[in-house]
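This briefing goes through one structure topic by topic. Keep the sequence and the 3D view open while reading.

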Amino acid sequence: MAATASQAVPGPVLDVERVRRDFPILDRTVNGHPLVYLDSGASSQRPVAVLRAVEEYETHSHANIHRGVHALSQAATEAFEGARERVRRYINARSTKEIIFVRGTTEAINLVAQSFARPRFRAGDEIIVTALEHHANIVPWQMVCEQTGCTLKVAPINKRGELLFDEYVKLLSPRTKLVAIAHVSNALGTILPVKRIVDTAHAHGAVVLVDGAQAVPHAHVDVRALGCDFYAFSGHKVYGPTGIGVLYGREELLQSMPPWQGGGDMILTVSFEKTTYADLPAKFEAGTPNISGAVGLAAAMDYVESLGIDAIAAHEHRLVELATAELQKIPGIQIVGTAANKASIVSFTLDGVHPHDLGTILDHEGVAVRTGHHCAMPLMTFLGLPATARASFGVYNTEKDVASLVAALGKAREVFG
Amino acid sequence: MDLKDLYRDVILDHNKKPRNFGKLEPADSSADGHNPLCGDRLTVFLRMSGERVEDIRFEGKGCAISTASASLMTEAIKGKDKADIGTLFGKIHSLLTQQTAVADPSLGKLAALSGVREYPARVKCASLCWHTLNAALERSTDARNETPATVSTE
């Protein structure tokens with residue numbers, strides 16, 4: 001990834017004021033203050049280009065896909081399959097057969113858990129996750145463990161929120177069947193060394209799934225360069241709509257997996273005696289999919305590429321550094337997650353003020369942050385914290401947003417005296 | 001809407017110095033409350049004298065609203081019998097959820113929680129201790145131990 005604390009990031013500069021004009025929601029006020037949206041890690045906002053693409057599709061081109069010879073069905077099919085090709089290029093997959101449209105990262109991981117892991121794992125087999133995973137990359141594997149008798153192993157992290165790579169390597173053995181890791185931690189912003197993790201896992205014959213929900217909006221992701229077997233992400237965190245996401249899987253693995261859900265669109269022939277399944281990617285897309293969501297996601301990827309992902313990463317990196325420096329000046333603030341390699345996220349606590357109260361007070365000042373355990377309860381337990389407040393940055397955030405956050409934190413200290 | 005309507009001095013004071021805080025030993029009954037949304041956890045301990053709450057304490061970790069609400073609750077119900085507590089619970093419920101509710105004078109200091117209703121996301125913070133108290137009260141007479149020891153807001 002481009003954004004690291006140790007190296008300067010030269011490159012194109014983003015015209016943020018122009019970018020902000022692409023996001024109509026940023027014009028609104030919250031509790032009498034201009035909206036300061038620092039919760040893109042939970043869900044990013046959508047640019048006009050995405051809103052228009054969805055509206056255009058719904059207004060002029062909608063019908064069901066892969067079903068009719070009529071003009072609209074063909075237009076819809078072209079839009080949907082065009083979006084698949086757009087996604088393929090975005091992550092540099094070899095073929096559109098490797099791009100499965102799903103509801104989001106969670107569904108993508110569950111698909112792999114149920115269709116890849118469940119049928120082939122046995123008692124004695126092991127799945128490795130890291131201590132900083134989101135619940136979506138923990139619970140599906142726990143379910144597989146219950147279903148098959150295999151075991152979940154947890155690669156530890158240090159207090160800065162960095163993976164203890166040597167400890168992870170020690171967990172690898174011939175029993176390791178799958179390694180499931182975040183690309184970027186949603187709670188701390190840590191960037192994991194995915195390529196090294198993949199290489200060591202492959203050396204032990206294990207398959208690797210990467211939860212890329214927090215990485216795709218902030219970095220150039222090339223699934224072939226990473227060498228991962230599965231890569232999952234959501235549309236709504238990369239300026240696209242909710243309810244659409246992507247599972248990338250290496251073709252030969254996807255070919256070897258049984259369908260997860262049965263229904264229309266995933267079959268070749270059906271009789272009451274025997275059904276044969278469609279080829280990839282349709283095999284994993286039973287039922288009518290989120291067509292306008294895919295169209296919106298494709299538009300979001302066009303938008304991100306028009307700005308340049310490296311420019312976005314550099315811009316966000318500057319904001320993370322600025323926010324970290326400014327927050328550290330406030331008495332009682334602790335930054336949670338101080339990994340050397342971080343992207344887009346600053347998690348923190350303020351002495352004497354519970355994160356939940358902090359969230360309410362910041363909201364009162366128009367500043368939207370996430371507060372809570374960030375769906376990473378085991379990580380919070382490890383850090384000895386019930387919760388943190390998290391500011392997460394997107395392409396439209398500015399130095400002024402950081403200043404508003406700092407001012408609102410001053411207000412919180414005032415209220416709690 | 002002023003933040004001071006939510007974070008009144010009484011609330012801030014009870015958050016900073018929660019009353020009746022810590023384990024009650026021996027206790028006749030206890031229950032745990034959990035708000036999975038924000039991670040708040042608390043335990044309510046009771047010592048009963050028949051139908052009357054002779055002593056009550058609580059411990060746990062939570063936001064200012066949840067801590068102050070629990071602290072105020074322990075002060076309000078100590079010495080009260082179950083029927084009175086039931087009535088009080090109803091009044092608190094209205095106070096926290098009904099926009100038009102006028103604070104009942106009998107609520108005393110508990111009326112300080114009236115600002116919470118302007119913040120729907122925070123109502124559960126204030127009500128968690130009351131639901132936990134109810135569970136602890138039910139458990140105090142539940143000889144067969146059928147009442148769950150943990151209540152959750154979700």
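**Briefing on chains A and B**

In chain A, strand β4 (residues 99–102) is joined by 4 bridges to strand β10 (residues 245–249), and the two strands run antiparallel. The model is a predicted one.

**Strands β4 and β10 of chain A**

- Within this pair, Phe101(A) has Val246(A) in β10(A) as its bridge partner.
- Ile99(A) and Phe101(A) point to one side of β4(A), while Ile100(A) and Val102(A) point to the other.
- Residues on both sides of β4(A) are buried: Ile99(A), Ile100(A), Phe101(A) and Val102(A).
- In a regular strand, side chains alternate between the two faces of the sheet.

**Strand β7 of chain A and its partners**

- Strand β7 (residues 176–182) of chain A has 7 residues, and 6 of them are buried, so the strand is largely enclosed by the rest of the structure.
- One partner of β7(A) is strand β5 (residues 126–130) of chain A; the pairing is parallel and has 4 bridges.
- Across from Glu126(A) stands Thr176(A) in β7(A).
- Strand β8 (residues 207–211) of chain A also pairs with β7(A) in the parallel sense, over 5 bridges.
- In β8(A), Val208(A) is the residue opposite Val179(A).
- Between β7(A) and β8(A) the chain passes through helix α7 (residues 194–203) of chain A, and this β-α-β crossover is right-handed.

**An antiparallel sheet in chain A**

- Which order do the strands of the open antiparallel sheet in chain A follow? The 4 strands are arranged as β13-β14-β17-β16.
- The edges are formed by β13 (333–336) and β16 (370–372) of chain A, each of which pairs on one side only.
- On average, neighbouring strands of this sheet are turned by 30° against each other, direction ignored.
- β16(A) is joined to strand β17 (residues 388–392) of chain A by 3 bridges in the antiparallel sense.
- Gly372(A) faces Thr388(A) of β17(A).

**Domains of chain A**

- Chain A has a domain 1, made of 16–30 + 308–415, and a domain 2, made of 51–305.
- The distance between the C-alpha centres of domain 1 and domain 2 of chain A is 28 Å.
- How many residues of each domain take part in the contact between them? In chain A, 23 residues of domain 1 are in contact with 22 residues of domain 2.
- On the side of domain 1 of chain A that touches domain 2, at least two residues come from each of α11 (309–328), β14 (345–350) and α13 (377–383) of chain A.
- The most is given by α11(A), with 5 residues.
- The residues on this side of domain 1 of chain A are 13 nonpolar, 6 polar and 4 charged.

**The sheet of chain B and its helices**

- Chain B has an open sheet of 4 strands in the order β3-β2-β1-β4, with mixed pairing.
- Its edge strands are β3 (52–61) and β4 (150–152) of chain B, and each pairs on one side only.
- From one strand to the next, the twist averages 20°.
- Strand β1 (residues 29–35) of chain B pairs with β4(B) in the parallel sense over 3 bridges.
- His34(B) has Ser152(B) of β4(B) opposite it.
- Helix α3 (residues 64–77) of chain B packs on the sheet and touches β2 (40–49) and β3 of chain B; the direction of the helix makes about 170° with that of β3(B).
- Helix α5 (residues 123–140) of chain B lies across β1, β2, β3 and β4 of chain B, at about 150° to β1(B).

**Ala70 of chain B**

- Ala70(B) is part of helix α3 of chain B.
- Is Ala70(B) buried or exposed? Ala70(B) counts as buried because it has 32 C-beta neighbours inside 10 Å, and the cut-off for a buried residue is 20 or more.
- Neighbours within four places in sequence aside, Ala70(B) is in contact with Leu42(B), Phe58(B) and Cys129(B).
- His14(B) is 56 residues away from Ala70(B) along the chain, and their C-alpha atoms are separated by 8.9 Å.

**Contact between the chains**

- The contact involves 12 residues from chain A and 14 residues from chain B.
- On the side of chain A that touches chain B, helix α12 (residues 355–364) of chain A gives the most, with 5 residues.
- The residues of that side of chain A divide into 5 nonpolar, 6 polar and 1 charged.

Terms used
Residues are numbered from 1 along each chain as its sequence is written. Chains are lettered from A and ligands numbered from 1 in the order in which they are written. This is a predicted model: local features need pLDDT of at least 70, side-chain atom pairs count only at pLDDT 80 or more; totals for chains, interfaces and linings use all residues. Two residues are in contact if their C-beta atoms, placed from the backbone, lie within 7 Å. Ala, Val, Leu, Ile, Met, Phe, Trp, Tyr, Cys and Pro count as nonpolar, Asp, Glu, Lys and Arg as charged, and the others, Gly among them, as polar. Domain bounds come from an automatic or database domain assignment. A residue is buried if 20 or more other C-beta atoms lie within 10 Å of its own, exposed if 12 or fewer, and partly exposed in between; C-beta atoms are placed from the backbone. Two strands pair if DSSP finds at least two bridges between them. A crossover is right-handed if, with the strands pointing away from the viewer, the path from the first strand over the helix to the second runs clockwise. Axes are lines fitted to C-alpha atoms, for helices over the stretch in contact, and angles run from 0 to 180 degrees between N-to-C directions.
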